[in-house]
Amino acid sequence: MIATPFTTPPAKGEAITVADGVLWLRLPLPMALDHVNIYALEEGDGWTIVDTGFDTGLTREIWGALRSGPLGGRPIRRVIGTHHHPDHIGLAGWFMRSDDAELMMSRTAWLTARMLQLDLQERPTQEALDFWRRAGMPPELLEKRAGERPFNFADVVAPMPLGYTRLTDGQEVGFGGRRWRVAMGHGHAPCHATFWSQDDDLVIGGDQLLSSISPNLGVHPTEPEADPVGEWLESCTRLLELAEPRQFVLPGHKLPFTGLPDRLRQLIDNHHGALGRMEAALRAAPRSAVECFDILFKRRIDESVFGLALVEAVAHVNHLRRKGVIHAVGERDGAALWGA
């Protein structure tokens with residue numbers, strides 16, 4: 001059974017003690033998923049923090065209140081990035097410069113973050129436009145996006161200095177007065193680090209282990225043939241071997257929870273259900289990836305989340321293609337049509 005012992009998250013600039021020497025903090029995000037969870041673990045004269053939030057003026061202001069308040073003015077000794085997404089490592093470089101903090105991430109996550117930070121674009125690339133068209137983005141929205149400045153990683157990520165400490169799958173690391181086993185997940189982000197305490201029942205899950213939502217599994221123009229859904233299902237199945245009902249999971253979003261084995265099975269079943277619905281729909285009539293939105297999400301997708309929905313729809317198409325149950329059957333206005 002999945003349970004959430006804490007039903008109210010920490011207020012802005014405040015913290016909640018969730019375990020011995022572990023504080024739960026929360027920072028705002030300017031999007032539909034409007035927050036990210038941060039965890040601070042005591043290190044005697046300082047702190048290890050897990051993830052950081054975006055680099056914005058508001059977030060830096062909140063961190064100032066957190067550092068002078070719940071963190072007691074003690075320095076940040078170490079920053080752990082669970083994965084490369086900007087809401088999780090946006091201020092890593094800031095802490096490295098201000099506190100001389102050590103940065104710990106997987107190699108893939110660090111290289112990806114560095115690459116994206118240096119990749120500045122004033123307009124979408126031709127590869128991105130072709131990718132969106134092939135997925136079935138409506139012509140009027142495609143034209144609009146073609147003239148807009150796309151999201152740039154560097155907009156919300158502080159410059160990351162060279163140098164980090166690598167995390168690897170199966171490694172044992174020590175921080176916050178505990179020994180942790182590192183287990184890598186894939187699908188939402190490559191080489192996403194999760195941490196499993198060897199001394200008590202804590203698990204730090206990042207976006208790989210969430211209590212009530214499934215993270216975005218997206219295919220992007222950088223790797224259009226990727227299969228993140230397959231990687232996600234494999235990761236959930238593998239992490240089930242480490243999961244126990246009593247473990248207390250500290251996730252990257254929403255509420256901390258127990259009942260991890262049940263939650264992992266839910267995540268697996270939910271995606272198998274979505275894949276089954278898509279396969280049945282494509283047997284009935286060919287569709288583009290975008291035309292699968294109603295099947296996959298079972299709700300209306302507005303423009304604010306259209307991009308996230310598109311990359312996830314392509315991911316599910318790619319997985320069904322890999323399984324050999326669907327194939328391209330034609331094209332309409334540049335969009336690939338898929339049939340079973």
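Strand 9 is largely enclosed by the rest of the structure, because six of its eight residues are buried. Buried here means under 20% relative accessible area, with exposed over 50% and partly exposed in between, using a 1.4 Å probe and protein chains only. Strands are DSSP runs of E with at least two residues, helices are runs of H or I with at least four, and both are numbered from the N terminus.

A word on the source: this is a predicted model, in which local features need pLDDT of at least 70 and side-chain atom pairs count only at pLDDT 80 or more, while totals for chains, interfaces and linings use all residues. Residues are numbered from 1 along each chain as its sequence is written, and side-chain values use heavy atoms, with hydrogens and water left out.

Back to strand 9 and its partners. Two strands pair if DSSP finds at least two bridges between them. Strand 8, residues 172-175, pairs with strand 9 in the antiparallel sense over four bridges, and Gly174 has Arg179 of strand 9 as its bridge partner. These strands form a hairpin with two residues between them, and Gly176 in the turn has a positive phi of about 60°.

On to strand 10. Strand 9 and strand 10 run antiparallel and are joined by six bridges. Arg181 stands opposite Trp196 in strand 10. Their hairpin has six residues between the strands, and Gly187 there takes a positive phi near 120°.

The loop between strand 9 (178-185) and strand 10 (192-197) also holds His188. Is His188 buried or exposed? His188 counts as buried, because its relative accessibility is 13%. Its side chain makes a polar contact with that of His85 at 3.2 Å and another with the side chain of Asp207 at 3.1 Å. A polar contact is a pair of N or O atoms within 3.5 Å; within protein, one must be able to donate a hydrogen and the other to accept it, and residues adjacent in sequence count only if both atoms are side-chain atoms. Contact in general means heavy atoms within 4.5 Å. Leaving out residues up to four places away in sequence, His188 touches several residues, including His83, Pro215, Asn216 and Trp232.

His83 is next. His83 sits in the loop between strand 5 (76-80) and helix 2 (86-89), and counts as buried because its relative accessibility is 0%. Its side chain has a polar contact of 2.9 Å with the side chain of Thr82 and one of 3.3 Å with that of His192. Beyond four places in sequence, the contacts of His83 include Met105, Ala109, His188 and Asp207.

Now helix 3, residues 92-99. Helix 3 is largely enclosed by the rest of the structure, since six of its eight residues are buried. Those residues are Ala92, Gly93, Trp94, Phe95, Met96 and Asp99. They pack against strand 4 (47-50), helix 1 (57-68), strand 5, helix 2 and strand 6 (102-106). After helix 3 comes Asp100, with a positive phi near 55°.

Last, the cysteines. How many disulfides are there? With a disulfide taken as a pair of cysteine sulfur atoms within 2.5 Å, the count is zero. Cys236 is in no disulfide, and the nearest cysteine sulfur, that of Cys191, is 16 Å away. Cys236 is buried, with a relative accessible area of 0%, and Cys292 is buried at 1%.
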